[in-house]
Amino acid sequence: MTLQWAAVANFPYAEIGLILIFCLPFIPPQRWQKIFSFSVWGKIASFWNKAFLTIIILLIVLFLDAVREVRKYSSTHTIEKSSANRPAAYEHTQMKLFRSQRNLYISGFSLFFWLVLRHLVTLITQLAKELSNKGVLKRQVENINQAAKKFMEENERLKRLLKNYGKEEEHVLEAENKKLEDKEKLKTELKKASDALSKAQNDVMIMKMQSERLSKEYDRLLRERSGLQDRAGKDKKCLLTL
């Protein structure tokens, strides 16, 4: 086995080992995300992409070369030609066919596992990001729920305050209405008292005028009486003189 095929033959074992390590259930994707987010990986990211493409190209070339070798040594015309020239050439051709088939399987599985490994790393990274986003969204939802709960409690408190304020306002309005009714009653009573006072004053004025008239009439009667008495005395004196 040549050096290149020896390296390619050991390459699938390394790939299988990395795939098994990535698939370990007790290592969460977040841990791999932290490992992949080291500054070292950021520095070698461009080199890693170039190395990945280079290895894919090499594996594809080796795979195509192995396919060519398999087709070459598996053709019936080649086997018959080697068997006719030398009897031992048949075994040699079968050995080369076996080696080419082995190289085909090795290069094919190496290419397959390499693509699977790259896709697995991508999936782990995406899963870690989704889990991180899920945690962030969960915290945001919890914060929103807490804020909504606080707003609901504040709303209930405001409703109670408005209800109490409405009751107090209702009591105040009732008291104001009662005061207005009392004022109206007082105004009515005051008007009645004022009317009664005016009537009483009018009655007093009338009685005063009547009293003045009676006084005048009484004075007149007194004067008439005194005049009659004087006249009666004079008549009596006249009679006595006669």
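What percentage of the 242 residues in the protein chain is buried? Buried residues, meaning those under 20% relative accessible area with a 1.4 Å probe on protein chains only, make up 15% of the chain. The model is predicted, so that local features need pLDDT of at least 70 and side-chain atom pairs count only at pLDDT 80 or more, whereas totals for chains, interfaces and linings use all residues. Residues are numbered from 1 along each chain as its sequence is written, and side-chain values use heavy atoms, with hydrogens and water left out.

**View 1. The helices of the protein chain.** The secondary structure comes to six helices and zero strands, where helices (H or I, at least four residues) and strands (E, at least two) are DSSP runs numbered from the N terminus. From the N terminus on, the order of elements is α-α-α-α-α-α. Among contacts (heavy atoms within 4.5 Å) between residues at least 6 apart in sequence, 82% join residues at least 24 apart.

**View 2. The largest nonpolar core.** A nonpolar core is a set of buried Ala, Val, Leu, Ile, Met, Phe, Trp, Tyr and Cys residues joined through side-chain atoms within 4.5 Å. The largest one holds 22 residues, of which Val-8, Phe-22 and Trp-114 touch the most other members. Two or more residues come from each of helix H1 (3-22), helix H4 (45-73) and helix H6 (89-241), and H6 gives the most, with nine residues.

**View 3. The surroundings of Ser-107.** Ser-107 is found in helix H6 and counts as buried because its relative accessibility is 0%. When neighbours within four places in sequence are left aside, Ser-107 is in contact with Trp-5, Val-8, Leu-59, Leu-62, Phe-63 and Ala-66.

**View 4. Trp-114 and the aromatic rings.** Not counting residues up to four places away in sequence, Trp-114 touches Phe-11, Glu-15, Trp-48, Phe-52, Ile-55, Ile-56 and Leu-59. Phe-11, Phe-52 and Trp-114 form one aromatic cluster. Rings of Phe, Tyr and Trp (its six-membered ring) pair if their centres lie within 6.5 Å, with planes under 30 degrees apart counted as stacked, over 60 as edge-to-face and the rest as tilted. By this rule the count comes to four aromatic pairs. The rings of Phe-112 and Phe-113 have centres 5.7 Å apart and planes at 55 degrees, so this pair is tilted. Phe-113 is buried, with a relative accessible area of 19%.

**View 5. Arg-118 and the ring of Phe-52.** Arg-118 lies over the face of Phe-52, at 4.3 Å from the ring centre; a charge sits over a ring if NZ of Lys or CZ of Arg is within 6 Å of the ring centre and within 35 degrees of the ring normal.

**View 6. Two positions along helix H6.** Met-95 has its place in helix H6 and counts as partly exposed (between the 20% limit for buried and over 50% for exposed), because its relative accessibility is 33%. Met-95 and Tyr-73 are 22 residues apart in sequence, and their C-alpha atoms are 9.4 Å apart in space. Val-121 also lies in helix H6, and with 23% relative accessibility Val-121 counts as partly exposed. Val-121 and Gln-33 are 88 residues apart in sequence and 9.6 Å apart in space, C-alpha to C-alpha.
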